[in-house]
Amino acid sequence: MGNVPSSVKQCLSYEQLIGEYPWLRRWLLEEKTITIHEYPKFVKIVEVGPRDGLQNEKEIVPTGVKIQLIDMLSETGLPVIEATSFVSSKWVPQMADHTDVLRGIQRAPHVRYPALTPNMQGFQDAVAAGATEVAVFGSASETFSKKNINCTIDESMLRFEEVINAAKERQIPVRGYVSCALGCPHEGPIEPSKVVEVAKRLYQMGCYEISLGDTTGVGTPGSMFKMLQRVMKEVPITALAVHCHDTYGQALPNILAALQMGVSVVDSAVAGLGGCPYALGSSGNVATEDVLYMLHGMGIETGVNLAKVAEAGSFICNALHRKTSSKVAQARGRTL
């Protein structure tokens, strides 16, 4: 190399490496596309305990208990409480009292109470019961879609389009869910491109927000980064939420990774209730108490009173005769 300056030697070395390893240039470019944002100053919590949390309970939870739980949660400062699901009682008997629940709750003026509506029949029933916001739930896994809502992904999109169009006519906002965003109990790891396709279609149809669900809790911060990195190229980050189950103890790390990517909406369930009836081995959702404790400790505002959420968690755990799954509630002695 003689008297060639060291900077030139480094350039020559780099070009030589690229020549010998063509994949290196692409890898370096991909690494540079990961954008780390500042943590949001405010995070919206979407409480899913009354619906996603209770739907998998084997013993039917009395309607009055469900209503009291929602009423207690309404006093915590939570802005969104998913109340129930208008699905067939044949498939999800726990939600058979959806109309009575939605009509029986004391609605707080600052709280929205969406209900899941998988098809037009569910949507019409929800509207008749007084629903002012609904949600549709798709999947990034073809197999899970068939087992969960008994149709292919493409067929589900046709159903959702009908629901969303009907909701638009009534000026009813629609939220969209994408299950199995980080893995499927039947297909294993899910390619981010599949998540992108479903999320993009739901957003283009008119869903104001897309919740990306780690249905079986198999995700890690690494897979969360990769998935969000792809999705946020097609759907605005302001329209994305994360919905994490805690099967492998990765829910909080995954939420933290999502916050670093710019997500500012998090789904959670009081006392860590939940589990999916069509995803064997799936444990509960991340506990709302635990999410609040982490966010407040980071100086991130939520507008939610942690102590009051813990009281609601204690109530429902006593009603279900079980211990809370919230680590924060356990540490504070709110166990049976």
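This is a predicted model: local features need pLDDT of at least 70, side-chain atom pairs count only at pLDDT 80 or more; totals for chains, interfaces and linings use all residues.
View 1. Leaving aside residues up to four places away in sequence, glutamate 289 touches Ala269, Val270, Ala271, Leu306, Val309, Ala310, Gly313, Ser326, Val328 and Ala329. Glutamate 289 sits in helix α12, which spans residues 288–297. Its relative accessible area is 1%, so glutamate 289 is buried; the cut-off for buried is under 20%. The side chain of glutamate 289 also reaches the backbone nitrogen of alanine 271, at 2.9 Å.

**View 2. The crossing of helices α9 and α10.** Helix α9 covers residues 192–205 and helix α10 covers residues 221–231. Their axes come within 9 Å and cross at roughly 40°, which means that α9 is oblique to α10. The crossing in which α9 passes α10 is right-handed. On α9, the contact is made by Pro192, Ser193, Val195, Val196 and Ala199; on α10, Lys226, Met227, Arg230 and Val231 take part. Of the residues in this contact, six are nonpolar, one is polar and two are charged.

**View 3. Cysteine 180, a residue with positive phi.** Cysteine 180 is not a glycine, yet its phi is positive, about 60°. The residue lies in the loop between β6 (174–179) and α9. Cysteine 180 counts as buried because its relative accessibility is 0%.

**View 4. Histidine 321, a residue with positive phi.** Histidine 321 is not a glycine either, and its phi is positive at about 60°. The loop that holds histidine 321 runs between α13 (306–320) and α14 (327–331). Is histidine 321 buried or exposed? With a relative accessible area of 70%, histidine 321 is exposed, as the cut-off for exposed is over 50%.

Conventions: Residues are numbered from 1 along each chain as its sequence is written. Side-chain values use heavy atoms; hydrogens and water are left out. Axes are lines fitted to C-alpha atoms, for helices over the stretch in contact, and angles run from 0 to 180 degrees between N-to-C directions. Helices (H or I, at least four residues) and strands (E, at least two) are DSSP runs, numbered from the N terminus. Angles under 35 degrees count as roughly parallel, over 145 as roughly antiparallel, 65 to 115 as roughly perpendicular and the rest as oblique. A crossing is left-handed if the near helix is turned anticlockwise from the far one by less than a right angle, and right-handed if clockwise. Contact means heavy atoms within 4.5 Å. Ala, Val, Leu, Ile, Met, Phe, Trp, Tyr, Cys and Pro count as nonpolar, Asp, Glu, Lys and Arg as charged, and the others, Gly among them, as polar. Buried means under 20% relative accessible area, exposed over 50%, partly exposed in between (1.4 Å probe, protein chains only). A polar contact is a pair of N or O atoms within 3.5 Å; within protein, one must be able to donate a hydrogen and the other to accept it, and residues adjacent in sequence count only if both atoms are side-chain atoms.
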